[in-house]
Amino acid sequence: MTHSGKGTASSSPDAPTFALRSMTDDEARRYHDDGYLLLEQAFPPAALQMIEQEVRRLESMPEKPGQHWVYGETVCDPEARRVISRMEYLERHSPVFSTLSRALTAYATVALEEPAVLFKEKLNFKRPGGAGFTPHQDQQAGWWNYASRFVSIMVSIDASTEENGCVEFAAGHHRDGMFREWEPLSEDDMKTMTFVPVETRPGDVVLIDSFCPHRSSVNRAQEQRRLYFATYNRASEGDHLDAYYADKHAAYPPDVERNPSGDYTFRV
């Protein structure tokens with residue numbers, strides 16, 4: 001038996017569609033055992049091409065209020081310059097990512113073992129020299145205020161390798177519960193953890209439990225590494241997408257909407 005993994009959505013004959021490969025019972029079991037799961041080649045090449053084109057379109061748009069959110073970082077290669085490091089709030093402004101997030105709900109429903117609803121999503125750019133993330137659990141970043149558990153579904157747009165800072169996971173430690181609110185993991189927290197790098201190819205998908213510890217390193221390669229993340233909670237615990245983005249905008253708005261005298265700190 002397999003869990004149905006197909007998800008498509010369309011509102012017009014020209015709307016994008018995504019057909020995902022199914023997740024097997026063995027894969028679902030491994031996700032629950034480890035707290036993460038690599039699904040190889042979940043998307044066909046045509047779907048990846050559609051995503052790639054949409055990313056380029058969003059990158060080319062001038063940053064202004066009232067559209068998808070853009071965040072930047074400074075890299076030196078060799079001179080300091082600002083590059084886009086992350087985009088959020090995509091599904092309200094992009095038919096491609098709106099359809100993609102709906103299709104990925106099929107995987108979220110298997111992971112959460114009941115109907116799922118989108119909580120948030122983002123597109124991470126890791127340019128050459130781009131920073132990594134310290135070891136943490138996603139649940140630590142205030143997510144407990146909205147629901148008890150989440151699954152994030154990562155879509156690999158580019159190849160993700162150890163050299164360019166692929167995500168590393170500590171299997172099984174999602175069972176330990178949440179460590180501390182708003183704090184990365186400490187050395188003491190990690191003394192029994194082994195972080196395993198999970199390299200991906202374009203079209204691969206990784207499911208991540210919100211309690212699973214993970215981290216990534218700086219991009220030491222000459223090419224960028226782009227990953228899309230769609231996060232879901234159980235529908236029985238409510239639809240929190242609007243509330244989350246309202247709270248996020250108040251605390252950490254996109255660069256173009258910031259007050260020059262404001263103090264904005266990315267937490268966890």
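## Asp 209 and its surroundings

The side chains of Asp 209 and Arg 149 make a polar contact at 2.7 Å. A polar contact here is a pair of N or O atoms within 3.5 Å; within protein, one must be able to donate a hydrogen and the other to accept it, and residues adjacent in sequence count only if both atoms are side-chain atoms. The model is predicted: local features need pLDDT of at least 70, side-chain atom pairs count only at pLDDT 80 or more, and totals for chains, interfaces and linings use all residues. Residues are numbered from 1 along each chain as its sequence is written, and side-chain values use heavy atoms, with hydrogens and water left out.

Asp 209 belongs to strand E11 (residues 205–209). Helices (H or I, at least four residues) and strands (E, at least two) are DSSP runs, numbered from the N terminus. With a relative accessibility of 5%, Asp 209 is buried; buried means under 20% relative accessible area, exposed over 50%, and partly exposed in between (1.4 Å probe, protein chains only). Apart from neighbours within four places in sequence, Asp 209 has contacts (heavy atoms within 4.5 Å) with Tyr 31, Gly 35, Arg 149, Phe 150 and His 174.

## A sheet of four strands

An open sheet contains 4 strands in the order E7-E12-E9-E10, with antiparallel pairing. Its edge strands, each pairing on one side only, are E7 (133–136) and E10 (195–197). Two strands pair if DSSP finds at least two bridges between them.

E7 pairs with strand E12 (residues 214–216) in the antiparallel sense over 2 bridges. His 136 has His 214 in E12 as its bridge partner.

## Two residues with positive phi

Tyr 89 is not a glycine, yet its phi is positive, at about 55 degrees. Tyr 89 sits in the loop between strand E5 (80–88) and helix H3 (95–112). Its relative accessible area is 19%, so Tyr 89 is buried.

Trp 182, also a residue other than glycine, has a positive phi near 60 degrees. The loop between strand E9 (168–170) and E10 holds Trp 182. Trp 182 is partly exposed because its relative accessible area is 32%.

## Thr 109 in helix H3

Thr 109 is placed in helix H3 and is partly exposed, at a relative accessible area of 27%. Beyond neighbours within four places in sequence, Thr 109 is in contact with Glu 114, Pro 115 and Ala 116. Thr 109 and Glu 187 are 78 residues apart along the chain, and 34 Å separates their C-alpha atoms.
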